[in-house]
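Me: I have just opened this one and would like a hand finding my way around. Could we go through it together, one topic at a time?

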Amino acid sequence: MSYVEDPAPGHGSLPPRAAFVSDAPALSLNGTWRFRLSPAVAAAPAGVERDDFDDSAWDELPVPSMWQLHGHGRPAYTNVQYPFPVDPPHVPSGNPTGDHRLRFDLPADWPAGPAVLRFDGIDSCGRIWLNGTELGVTKGSRLPSEFEVGPLLRPHGNVLVVRVHQWSAASYLEDQDMWWLSGIFRSVTLLARPDGGIGDYWVRADYDHTTGQGTVRVETGPDVVLDLPELGVTAHPAGVPLTLPVEPWSAESPRLYEGTLSTAAERVPVRIGFRTVSIEDGQLKVNGRPLLLRGVNRHEHDPHTGRAVSRETMLADVLLMKRHNVNAVRTSHYPPDPAFLELCDEYGLWVIDECDLETHGFGPLEWAGNPSSEPMWLEAYLDRIRRTVERDKNRPSVILWSLGNESHTGENLARMAEWVRHRDPTRPVHYEGDHECSYVDIHSRMYATHEDVERIGRREDDNSRRRDLPFIQCEYGHAMGNGPGGLLEYRELFERYPNCQGGFIWEWIDHGLADGGHFAYGGDFGETIHDGNFVIDGLVFPDRTPSPGLVEYAKIIEPVRIAADASGIRVSNHYDFVDTAHLKFGWVLEEEGIAVVQGVLDVPAVQSGQSTVVPLPSLPSTAGESWLTVSASLASATPWAPAGHVVGWGQLPVSAAPEAAPLPPRGPVFRTGGKLLLGAGEFDPLTGTLTTLGGHPVEGPRLDVWRATTDNDRGEFAGRPEADQWREAGLHRLQHRVITVDADGEELVVRTRVAPPAQPFGLFADYTWTAFADRLRLRLEVTPDGSWPCTLPRLGLTMAVPGTLGSAEWFGGGPGEAYPDSRQSVRIGRFSSSVDALQTPYVFPQENGNRTAVRWARLTAPDGTGLHIAGEPQFDFTARRWTAADLEAARHTDDLVPGELVHLTLDVAHHGLGSASCGPGVLPQYRLLPQKTAFTLWFRPLPADAD
Ligand code: GAL
C-alpha cells in the first residue's frame, strides 16, 4: 500500500516534543519556494528529490500557504460529507499533488552537528527529502513533524523537497467543517540542536489557593537549571520541585513569570503561569474557583490565505476576543498555530486545546466503518493526541485537552483518553462525542436547547456519571447570518446552575474567501458537492469586522453588570477571580440622547461574585425623555485595550417623555384634481394610499409582514423551518384589497383586507389618517381574519421615499441592529448614520439592520429636507436602498445594487431570530403570532435647513 493510503501515521519523524524557541541557531525556511501542481500522484514528475532536477519552469509559491488560494486548483467546502467516495483508506486517484522545492544556504556561522527540520503544518500528507535523501512522511495536517537532518546539511545549495498530497488516508480523520485546502500552511524551520542542549521540557506549575504557594516541577533532560529572577530563583536544578509564594495565572489576570531553562549548551526562555485545574463537587475549577466559560470556537481563517494565518491575525483575534469580554477559546477542531496559544497565555484566555480529529462524514452512513472503532486507525489516533499534548503541554492557558470533534465514539477515542490521563493527569479530558461520559471528565454537549440545559442544571439526568460532571456547551449559539437569538436565556441558566459552566459560541469567524467584490462560500468555486454558506457562521465577518452577534455576545457576557433603579445603582462583579478595582465608573444623563451632565461614580472595589449598591448621583430635572447611562471602563490601559475601554454598562430611565402638547385643530380632507389632500399628504382616492408627503413622492406606507429570511428562519434544526411555513402561507406576496376609502369626515379612513393568494386567512388593516397642522397621524389597526397557520416574520408598514433621503438620525435603541431576542447590546440614545451604513453586510444577504425602540427618526437629504417619523410611543425601522425581495434574492453582498428609492420598514413587532440554523428555534416569548394590534405613527415633512 502506498504511504498516501496507509492509515498509519507518518514515519521517519522524531518523537513529539514541546514547541519552543531557544538561543540555539534557527533558520526560517519560510519564503518563496518553487511549486508545481500535478493532477494526480501518478502525474507528478519523477526525480524531484534530486539536486539537479530542473525546477526553473515551475511556478513560485509563498510558504506557508495553501495552494488553492494562489491560483492552483480551487477551494472546496463541505461540512459533514466527504467530498470523495467513502472507501477507507482509499482516496481518489485524481489526488492533486503539489511539489515544493527550496534551495537554501546555511548562514556562515551555522554550527556543525545535529539539526532538526520542523514543519508546523502540512495539509494533508507530505513526503520530504533533503539533498536527495528521503526524511519521511508527515500526516496530521495541523500537527508538527520534525526530522533529524544534521548529517545531511551542507553549507550551500541545500535542496529541500516536499511533495504534498491533497488527499491521504488521513483525510478520513480530518473531516472538519471547513474549506478543503492544501499545502505547507505553517512555518518551516531548521533548528540547530546543540549537544547537551534541551531536547524537551515540561514545566508544571501548580498553584495552591489555600496557601498562595506555587510549585514548579520541570521534567526535562539532565543538568538543566531553572532561573526565575522575579522569584529570586537562580540556577535551581530543574528536576527538583520548588515551592514558593507566587501570584497565580488566570485568564483574567494572566501573570507569567519569565525565566530560563539552561544547560551549558542551550538556553530556553520560559514563561510560567501557576494554576491548578481541578474537578471538584461537579465543577470545573481553576485555583479553587469554578469557571464560567464565556467562550468561542475558533477556526484559523484568513479571507486571503485560508488557514495560513499570520501572527498579526492571531493577535487580532485575541485582542478582539478580549475586547468583547470573551474569556475562553476552543481550538476547533485542531491545535492552532502554536503562536496562538502563547498569545492566550500572555493576554489571558482559557483554552480547550482540541486534537486534529474529525470523522463526521461517517455520520450519514450511521457510523458504519467509523475509524474511531477500527483497530487499523488506532495508531493514527494515538499519534495525533500525543503530538497535541506534547506540543502544547507548557501552556498555562490550556486547561482541557479535547480528543477531537464529531467522530462518534469508539475504542480508539477511549485509548486516547487513557493515554492523556497517564501522560498529563493535570488537565481533564473533553470530548463531546462520548455521550455516556465513560472516558471523559466533562459532560459536553452541542446546541442543547434551553430546556435541556435546564434539565442538566437540575441534575435530572438518569445517567449518574454524566449527572455529576461539570456541564459545558462546547458549541452553542450558532452565529450563522443574523443571530443568534436567545443568548440571554442561556446566560441565565449558566448562572442559575452551578454545574452549568458556560460554553463556546459556534463560531468565531465566517470562513468567507475574498473573491472579487465579495466573500465566497461553498459552491462558489464550482464544487460538485458542497454545503453552501454553512461555512459563514461566525461572530466576526471574514475581514474580522465584528458582527452584531459579537456585540450582543459581549453585552450578554459582560463581567460587570450595572442595574439601576430609583434606590441606587447596583454593580455586580461577574468575573471569576478579580475584583473591580481596575475599573472606573462613569455616568452620563442624556435628554433625548443629548448629554446634559456627566460625572464619575465612586464605587468601592467589588469582589468576584459580589455586588454593591451606590446612591444615584443627583440629577437635574429635564424636560424631555432622559436616561442615565452608567459604564464600567478600564481605569488604565491593559495589554489588550486602552484606558476607557468599556467592559459593562447599564441604563436607567430617569424621566419619561412629557405629556404631548394639546393637539392643534384637525385639518379637513379635500378632494381636488382627482386627488385626496389631507394636511401635508396627497392620497390616491381609489386606494387611499399616500402618494406625496410634503412634496416628496412616496409609496405606501402599507401593511407588510415579510422579511428577507435569515439563515435561522430557514434553519432546519428546530422543526419545520419558519421560512418554509411563511412562504407556503404566501406571506411574501400579500395582496391588498381595498374595502372602503372614507374621506367624508375629518379623517381619511381606509379599510383593507391583506391576504396571500390561494389562502382563506388574512389580516384586516384599517388605516386612519388625521392631519394636525404640518403633521399627519396614521393609526393602523390590524385584525387577523380566519385561522392562521404560522407566525409572522414582522408586522408593520413598508414605505418608499426618494433616494435623496440618505441620512438617518433617530432617538431610540442603537447604535446597532436589534431583534426581540438579540437586543441586550442596544441602549437608548440618539444616533445617526447614512442609510448605506445602516446595513449589516451579512456575507449571505438576509434581513438585517433593524433599529428598535425608536421614539422618532428623521430621514433627510443633504439640504435638510426630508421626513420626521415619530412613534406613539415607539417603532422599529429599517431603511435600505433595495427591497426585501431584492435582499431575499441576493446571494452575495455585491448582488445588492442601490435603486432610486429608500425603502423603509416601520414596524410594531418582529419575530425573534433564534438559532435554528443549528440549534433551537425562537423561544416562545419571542414568537410573533398574528393578533389584534394597533399602532400609531406620526409623519412630518422637514423643510430645508435654514441657511
Ligand atoms: C457542529 C460541528 C461544527 C460545525 C457546527 C455547525 O456539529 O462540530 O464543526 O459544523 O456543527 O456549524
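**Around the ligand**

Reply: A place to start is Trp506, where an N or O atom of the side chain is 3.0 Å from an oxygen atom of the ligand; please keep in mind throughout that this is a predicted model.

Me: OK, and what about Asp537, how far is its side chain from an oxygen atom of the ligand?

Reply: For Asp537 the distance from an N or O atom in the side chain to a ligand oxygen atom is 2.9 Å, and a polar side-chain atom of His333 lies 2.6 Å from an oxygen atom of the ligand.

Me: How much of the ligand does the protein bury?

Reply: The protein buries 96% of the 310 Å² that the ligand exposes when taken alone.

Me: Which residues are closest to the ligand, and how many surround it?

Reply: The ligand is surrounded by 13 residues, of which the closest are Asp177, His333, Glu406, Glu475 and His478. Sorted by class, that shell holds five nonpolar, four polar and four charged residues.

Me: Which other residues does a cis peptide bond join?

Reply: Gly483 and Pro484 are joined by a cis peptide bond with omega of about 0°, and Pro484 lies in the loop between β31 (471-476) and α7.

Me: Changing topic, what is the phi of Trp367?

Reply: Trp367 has a positive phi of about 65°, although it is not a glycine, and this residue is found in the loop between β27 (350-354) and α3 (378-392).

Me: You mentioned α7, so how does helix α5 pack with it?

Reply: Helix α5 (residues 450-457) and helix α7 (residues 487-496) pack at an angle of about 5°, and their axes are 10 Å apart. Because angles under 35 degrees count as roughly parallel, α5 is roughly parallel to α7.

Me: Which residues of the two helices meet?

Reply: From α5 there are His450, Val453 and Glu454, which meet Glu489, Tyr490, Leu493, Phe494 and Arg496 in α7. The residues of this contact divide into four nonpolar, one polar and three charged.

Methods: Residues numbered from 1 in each chain as written. Predicted model: local features only at pLDDT ≥ 70, side-chain atom pairs only at ≥ 80, totals over all residues. Heavy atoms only, no water. Axes fitted to C-alpha atoms, helices over the stretch in contact; angles between N-to-C directions. Helix = DSSP H or I, 4+ residues; strand = E, 2+ residues; numbered from the N terminus. Parallel < 35°, antiparallel > 145°, perpendicular 65-115°, else oblique. Contact = heavy atoms within 4.5 Å. Nonpolar A, V, L, I, M, F, W, Y, C, P; charged D, E, K, R; others polar. Near = heavy atom within 4 Å. Polar contact = N/O pair within 3.5 Å; in protein donor to acceptor, adjacent residues only side chain to side chain. Areas by Shrake-Rupley, 256 points an atom, 1.4 Å probe, with all protein chains shown as cover.
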